[in-house]
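I opened this entry to look up side-chain contacts and the exposure of the residues that make them.

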Amino acid sequence: MEGVHVGVVRDSMLNNPLLIRPTLGKTKSRGLPCPGPDFVYGPVTTVHDGGVSEAISSWHTPSLSSSNSARYRKAERDFVALNREGVKSGLVTAKELQQYRATHDIRRPIASKDARRSAPARLPQDITFGVSTRPSTPISELMEYKYAQRWLEEQQAKDRALLARQHKKVQLGRIQDTRTTLLRKSRPVEEAPSVWKLPRFQQIGPALDTFRDAEVRKRAMAAHYSESAARRGLLGQGTYTVD
């Protein structure tokens, strides 16, 4: 009854997994075509070695020497040498070097298998390979709890050193000054005798004196004199001449 179909049978009914209905007792088909029963999976073997009889009677081995195999092996292009020669010719851009490699060819020398083999390094007879064994832990010190005692002694030594540093800092430290001590140390500045003025002009300051004191005025005039050479004007009070 599985091969009986009613109605029109389309190809999509056998290829579309959404239209394929699962068969009772079997896995659902995905609609992929499978080859026939005579199909052999895997790559095709083209080596003819003679079979079991040939292997028992005589074993066939290749007779090509290393020189013949190197002769038939194609040499690889030496791009490092090509780029070096291109730079020597004055080519620096990628396009010029690509054109140079297309018109020139330099091959790397083919080394034989015998040349590739290097002689094994001579090692001393008493050499020992591997990681060295860690020295064993003394059981007597573990049983006597010496590691914990040693750690406690180290911590106590660190605490004593810390306390000694703190005590030394306290002794060498200077007492901070307060407002009262600063006022006691300071002395009032004696005021210079002022020129007699009318009482109504005593509280009025000078109209043109824009400096705090004579020292500030002296420094300002010295700075103005040093910059007058780079300013415009007869008195050197204009804009700077250096642009």
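Is Asp-105 buried, partly exposed or exposed? I find Asp-105 partly exposed, with a relative accessible area of 47%, where buried means under 20%, exposed over 50% and partly exposed in between, for a 1.4 Å probe and protein chains only.

I note that this is a predicted model, in which local features need pLDDT of at least 70 and side-chain atom pairs count only at pLDDT 80 or more, while totals for chains, interfaces and linings use all residues. Residues are numbered from 1 along each chain as its sequence is written, and side-chain values use heavy atoms, with hydrogens and water left out.

Next I looked up salt bridges (a side-chain nitrogen of Lys or Arg within 4 Å of a carboxyl oxygen of Asp or Glu), and the count comes to six. Asp-105 forms one with Arg-107, the closest N and O atoms being 3.2 Å apart, and Arg-107 is partly exposed at 37%. I also see Arg-77, Asp-105 and Arg-107 linked in a network of salt bridges.

Glu-76 and Arg-108 meet in another salt bridge, at 3.8 Å from N to O. Glu-76 lies in the loop between α3 (66-72) and α4 (79-88) and Arg-108 in the loop between α5 (94-103) and α6 (113-116), so the pair ties together parts that are 32 residues apart in sequence; helices here are DSSP runs of H or I, at least four residues, numbered from the N terminus. I find Glu-76 exposed at 54%, whereas Arg-108 is partly exposed at 47%.

Key:
Helix = DSSP H or I, 4+ residues; strand = E, 2+ residues; numbered from the N terminus.
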